[in-house]
Structures are given as structure tokens and as C-alpha cells.
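Visitor: Could you take me through this model and, for each label you use, tell me the rule behind it?

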Amino acid sequence: MRRLRISVAAMIVVLVSMPALAQNRHLSPEMQADTAALRALTTTSPLLPVDRIALQVHPALTLVRYSAVAGDKDGNLYVLHRPGDTNVDPIVVLDTKGEVIHSWGKGLYAIPHGIRVDPIGNVWTIDAHTSLVTKYTKEGQKLLEISVGDIPDPNRPFCGATDVTFGMSGQIYVSDGYCNGRVIEYTADGKKVREWGKRGTGPGELMNAHAIAISPDGKLYVADRENGRPQWFDLEGKFLGEKHFGGQVFSVAISAMGELYVGTQPRDVPFGKDASIMQFDPASGTIIGKIEAAAHQLSVAPDGTILPGTLVDKTDSVLLLRPQK
């Protein structure tokens, strides 16, 4: 536990400094052009009508750079944040009014990265440093742990898995993005079935597989962050298509009705500035519209509410985006 506490403290320094580093880093002419393409696309996309709700947390609680939110069929929200204090729970569960139902996870995470709720209501988390994928009951009882492994550089703060999604027959798909650029399929009990993808810029290659989601028609979508695109595959890894947005594409999420959203971000500003959530039709490539909001990771709750992980430094509320009917 002592060693984990030290590693968390060191990583918090890295996390806090990331926006400044992103703002000041040099961009090649190719990256500048790529970000300009995203800005042009964003400028011409219509706004999607949504109600923006800042759900206040009660009793008052400071969420530190919350990276992901997921929702269940009862309207509860599962928030994953990055407290610097290992005595604070990184997983916080809220009801529909923002009341804290319970929380858990203190001292268990180095870099809390993603959180998902599976079709039967279990809660899954991903640690981007240890590359552990953990399954819990909705009350926080651990049910399963998958050690993704094959971490190329264990000393790097970000070198592990990023996200998880679920197949119709209980399969588990993990995006292992920061150092490996791959997707791994597991059985429901955590046995590895196959993997695909490698770092690169070509079709089917993934420079950073940062998020993952499965559509109702059985296609698997990956947010290929540094290549500025989502790509999609069949469930055995066959490349089916891509949509280039430019800049960075951090997140992907799909509603129960098949509406597909990605979180985009220009490269030349700190995370969150000029960011947009874009809805598009993968069949035609048409951009349906945008929401002006940042989404490090992204979920769509069963009721259609869009749930972005905003990475705001400190906040006492959670952003909900409810499409207007």
C-alpha cells in the first residue's frame, strides 16, 4: 500500500500538468493541418438541442478530474474521478437527485480511467497504469479482475488499458490503447479469446485505442484518439470502416437506439477548450450535429442522457446532457 500511495502522488503531478503540456507542445505542420480540419468540420456542424444540467452532489463532495460517468436503468450514476488522496473513494454512486448512495475503491487505483455498466447492471472500471479491468456489483463487491498485462513500460504513468464494452453473448472487449494500440476479447469469466490491432495510422491500426463501444447491430467502434478517427470492426476484428474527424477523438458511445457520438478535441489547446461531442451516421459519414462539451470518456444512459467525463480540475457537480425531444 505504501508503494501505491507514492505512485499515485507522483501521477497526480503528471495529471495536473497535462493541460499545460498539451497547450505548449509543438505541433508538426501535418498535425496543425489535421487540427484545422477538425475546426472546420466543427464550425459547419449544427448544434444538437440538449438540456445541460449540472447535477449537484449531496452531501457536498469535490470530484477531482472526473474522467468517466456511466448510468444504469434506475437512473443512478457511477462517477469515476481521480482524487489525490488515497483515503478518498474514486468511485462515487449518485441517485437521480445527486445524493451519494455509496462509494468505494480507496487506495485501489493508480490512474482511474474508465467506468461502464454492463447489460445486467454490474460496474466495470479500468486503471490506465496497472492495466487492470475490474468487475463489481452495483454495491461495490468485487466479482472479477482481468489483468490485461503486456505493459511495454510499467514506469510510464499512462501505458495500460483504457475502456471496456460487452457483447450480446457475454463477451468482454477491452481497448488497450496507451502503449499497445489493440483490442482484446475475453470470455465472460475473463479468459482471453483473441486480440487485434497494432500501433499505426493505416486501416485497422490504432495509435491510441482510447475508448470502445458496441452498437445494437453488433459493430465494435474504437476511438483511435491520436489518429483523430473512430474505426469500426466486426466482433472478430475485421476492419469495416472509419470516419476521419481530425484533431483527437477521445471517446465513443452509442445509445440503445443506435445513435453514435464521439468526443473530439483540437490538439493546439488544453483539454476541454473548443471540444465538441459529435453525432454522426457511420453508414453515410454524415455529421448530424454537435454538442459543445468535452468528453474524455463518454456514455449514454438507458434513458438517452449523454454522460461525458469532463476532466474538470475540481467540481461539485456532474454534467448531464439530455437531448430535447
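Guide: About 880 Å³ of space lies in the largest pocket, the volume being the space filled by probe spheres set on grid points that are joined across faces, edges and corners. This is a predicted model, in which local features need pLDDT of at least 70 and side-chain atom pairs count only at pLDDT 80 or more, while totals for chains, interfaces and linings use all residues. Residues are numbered from 1 along each chain as its sequence is written, and side-chain values use heavy atoms, with hydrogens and water left out.

Visitor: What makes a space a pocket, and which residues are closest to the centre of the largest pocket?

Guide: On a 1 Å grid over the protein atoms alone, a cavity is a set of points where a 1.4 Å probe fits but cannot get out, whereas a pocket is an open set with protein on both sides within 12 Å along at least five of seven lines. Lining residues have an atom within 4 Å of a point; there are 33 of them here, and V117, D118, P119, F166 and V300 are the closest to the centre. Among the elements that give two or more residues to the lining are β7, β15 and β23 (298-300), where strands are DSSP runs (E, at least two residues) numbered from the N terminus.

Visitor: How is the lining of the largest pocket divided by class?

Guide: The lining has 19 nonpolar, eight polar and six charged residues, with Ala, Val, Leu, Ile, Met, Phe, Trp, Tyr, Cys and Pro counted as nonpolar, Asp, Glu, Lys and Arg as charged, and the others, Gly among them, as polar.

Visitor: Why is the link of C159 and C179 called a disulfide?

Guide: A disulfide is a pair of cysteine sulfur atoms within 2.5 Å, and the sulfur atoms of C159 and C179 are 2.0 Å apart, so the pair meets the rule. The angle about the S-S bond is -120°, and the link is left-handed. C159 lies in the loop between β10 and β11, and C179 in the loop between β12 (172-176) and β13 (182-186), 20 residues apart.

Visitor: How do you know whether S131 and D150 are buried or exposed?

Guide: Buried means under 20% relative accessible area, exposed over 50%, and partly exposed in between (1.4 Å probe, protein chains only). S131 has 0% and is therefore buried, whereas D150, at 54%, counts as exposed. Most residues other than glycine have a negative phi, and most peptide bonds are trans. S131, in the loop between β8 and β9, has a positive phi of about 60°, and D150, in the loop between β10 and β11, has a positive phi near 50°.

Visitor: What is the omega of the cis peptide bond that joins H58 and P59?

Guide: That omega is about -10°, and P59 is found in the loop between β1 (50-56) and β2 (63-64).

Visitor: Why are β15 and β16 said to pair?

Guide: Two strands pair if DSSP finds at least two bridges between them; β15 and β16 have five, in the antiparallel sense, and therefore qualify. I214 has L220 as its bridge partner in β16. Five bridges also join β16 to β17 (residues 229-233), again antiparallel, and V222 stands opposite Q231 in β17.

Visitor: What makes β16 mostly covered?

Guide: Five of the five residues of β16 (residues 220-224) are buried. In a regular strand the side chains alternate between the two faces of the sheet. In β16, L220, V222 and D224 point one way and Y221 and A223 the other way.

Methods. Helices (H or I, at least four residues) and strands (E, at least two) are DSSP runs, numbered from the N terminus.
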